[in-house]
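These are notes for a colleague who has not looked at this model before.

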Amino acid sequence: MRDRINAALKAAQDDGNKRRCATLRLVQTAVKDREAAARENGKDGVSEHDVIEILQKMIHQRESSAVEFESGGQLDLAEQERVEQEIIREFLPAQLSDEEVRAICEETVKDIDAHGLRDIGRCMSELKTRYPGKMDFVQASCVVKDMLRTNGNGAATAEASGTEAE
């Protein structure tokens, strides 16, 4: 992934795309800062998973900034934040659709035999292990919570338990 970022930066420099260059330099700096911190703590740098986390955090920061700029009437700055988001998003793995997230959440709830809201943590841990960087885990958490709140384990219904809903 770092090689892709470096190649994209070089291409942006050749094209004279200042916004893209600046954004990609910010990405490189964030990764280098995390690597330096990891080495100070005795680790061997950062993994691809760590780079994905960095990119996701940068996207969320820009989304928050864009919303603030929009509410303040600074639409040009909000647009710049959104352009940077798209540049950063290019380096993330393809994100799953809403329907795919829902299906995966249902499958995970069944796989780990989750029965109530107290199992949200286990579900989310499993999802993060299986699909790192491929879904919005805030959205997935809401889906899992709704499933566990409405029908226990995502599969149990009043019919399945032999009782009628009132």
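1. Helix α3 gives the largest share of the lining of the largest pocket, five residues. Helices here are DSSP runs (H or I, at least four residues), numbered from the N terminus. The model is predicted: local features need pLDDT of at least 70, side-chain atom pairs count only at pLDDT 80 or more, and totals for chains, interfaces and linings use all residues. Residues are numbered from 1 along each chain as its sequence is written, and side-chain values use heavy atoms, with hydrogens and water left out.

2. The largest pocket holds about 280 Å³ of space. A pocket is an open set of points on a 1 Å grid over the protein atoms alone, where a 1.4 Å probe fits, with protein on both sides within 12 Å along at least five of seven lines; lining residues have an atom within 4 Å of a point. The volume is the space filled by probe spheres set on the points. Of the 13 lining residues, Gln56, His60, Met135, Asp136 and Phe137 are the closest to the centre. Two or more lining residues come from each of α3 (48–71) and α7 (137–151).

3. By class, the pocket lining has five nonpolar, three polar and five charged residues. Ala, Val, Leu, Ile, Met, Phe, Trp, Tyr, Cys and Pro count as nonpolar, Asp, Glu, Lys and Arg as charged, and the others, Gly among them, as polar.

4. α3 also packs on helix α4 (residues 75–89): their axes come within 8 Å and cross at roughly 165 degrees. The two are therefore roughly antiparallel (over 145 degrees). Axes are lines fitted to C-alpha atoms, for helices over the stretch in contact, and angles run from 0 to 180 degrees between N-to-C directions. Residues in contact (heavy atoms within 4.5 Å) include Leu55 and Met58 of α3 and Leu75 and Leu77 of α4. This contact has ten nonpolar, two polar and seven charged residues.

5. α4 meets helix α2 (residues 18–40) as well, with axes that come within 10 Å and cross at roughly 60 degrees. Arg19, Arg20, Thr23, Leu24 and Val27 of α2 touch Gln80, Val83, Glu84, Ile87 and Ile88 of α4. The contact divides into five nonpolar, two polar and three charged residues.

6. Helix α5 (residues 98–111) packs against helix α6 (residues 120–130) at about 120 degrees, with axes 10 Å apart. Among the residues in this contact are Ile104 and Cys105 of α5 and Cys123 and Glu126 of α6.

Conventions
Parallel < 35°, antiparallel > 145°, perpendicular 65-115°, else oblique.
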